[in-house]
Amino acid sequence: MAQTMPNYVWTATPAGRIDWLNDRLRDYAGLEVEDLLGDGWLSLVHDEDREATRAAWAQAVADGSPFEREFRIRARRGSWRWHITRAVPIRDADGRPLRAVGTHADLTARKKMEIELRAAAEAASQAKSIFLGNMSHELRTPMNGIMGLTQLALRRADDPKQRGFLEKI
């Protein structure tokens, strides 16, 4: 069944060493299965993501918790694609870990969209700041004139009704 899934599927020993993976992961990486078993899979993880991913995996294995992490994995042609990896421990009747089952799913399209959305939001924020700055300037100039003339008129206003209107302005 794992061979028919679109995701990359693998299993690991209780010690956290990969002991089986489906053909899709092997084909994606362009490596032999033996190169990916044990800790060999870490060679596919981007240098910037490798140590944090290794440490998170080691922690999940140590405390028997589920594992979930996003990181970049190298494809056979050398490109890097974002994946989310999830693994859950399989336990015996007494709760002891027997193995872990994990999957990788490609997130590259989602990551690109997130980057584009952040860039669009930043551009919109900058445009809003520019607009508000311009609007403030455009309103301030005539308002300064109105305020100055109103203050001047208040100094000369003798009629209480006229003075009340000028104070409202």
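Tutor: We'll take the core, then the rings, then the charges. Keep in mind that this is a predicted model.

Student: Okay, core. How many residues are in the largest nonpolar core?

Tutor: The largest nonpolar core has 21 residues. Those with the most contacts inside it are Trp-10, Ala-12, Ile-18, Leu-21, Trp-41 and Trp-57.

Student: Which helices and strands supply at least two residues each?

Tutor: Three strands do: S1 (8-12), S2 (18-21) and S3 (67-74).

Student: Now rings. How many aromatic pairs are there in the whole structure?

Tutor: Three aromatic pairs turn up in the search. One of them is Tyr-8 with Tyr-28, a tilted pair. Their centres are 5.2 Å apart, with 40° between the planes.

Student: What does the Tyr-8 and Tyr-28 pair tie together?

Tutor: Tyr-8 is in strand S1 and Tyr-28 is in helix H1, so the pair ties together parts 20 residues apart in sequence.

Student: Tyr-8 and Tyr-28: buried or exposed?

Tutor: Both tyrosines, Tyr-8 and Tyr-28, are buried.

Student: And why is the Trp-10 and Trp-57 pair called edge-to-face?

Tutor: Look at the angle. The planes of Trp-10 and Trp-57 sit at 80°, so the pair is edge-to-face. The cut-off for that class is over 60 degrees. The ring centres of Trp-10 and Trp-57 are 5.4 Å apart.

Student: Where do those two Trp residues lie?

Tutor: Trp-10 lies in strand S1 and Trp-57 in helix H3, so this pair ties together parts 47 residues apart in sequence. Both Trp-10 and Trp-57 are buried.

Student: Which residues form one aromatic cluster?

Tutor: Trp-10, Trp-57 and Phe-67 form one.

Student: Switching to charges. What lies over the face of Trp-82?

Tutor: Lys-111 does, at 4.4 Å from the ring centre.

Student: How many salt bridges does the structure hold?

Tutor: It holds 15 salt bridges. Among them is Glu-48 with Arg-72, at 3.2 Å from N to O. Glu-48 is in helix H3 and Arg-72 in strand S3, so-called distant parts of the chain, 24 residues apart.

Student: Glu-48: buried or exposed?

Tutor: Glu-48 counts as exposed because its relative accessibility is 63%. Arg-72 counts as buried, at 17%.

Student: Which residue does Arg-96 meet in a salt bridge?

Tutor: Arg-96 meets Asp-92, at 3.1 Å from N to O. Asp-92 has 21% relative accessibility, so Asp-92 counts as partly exposed. The buried class needs under 20%.

Definitions and conventions:
Residues numbered from 1 in each chain as written. Predicted model: local features only at pLDDT ≥ 70, side-chain atom pairs only at ≥ 80, totals over all residues. Heavy atoms only, no water. Core = buried A, V, L, I, M, F, W, Y, C linked by side-chain atoms within 4.5 Å. Buried < 20%, exposed > 50% of the residue type's maximum accessible area, 1.4 Å probe, protein only. Helix = DSSP H or I, 4+ residues; strand = E, 2+ residues; numbered from the N terminus. Phe/Tyr/Trp six-rings, centres within 6.5 Å; stacked < 30°, edge-to-face > 60°. Lys NZ or Arg CZ within 6 Å of the ring centre and 35° of its normal. Salt bridge = Lys/Arg side-chain N within 4 Å of Asp/Glu carboxyl O.
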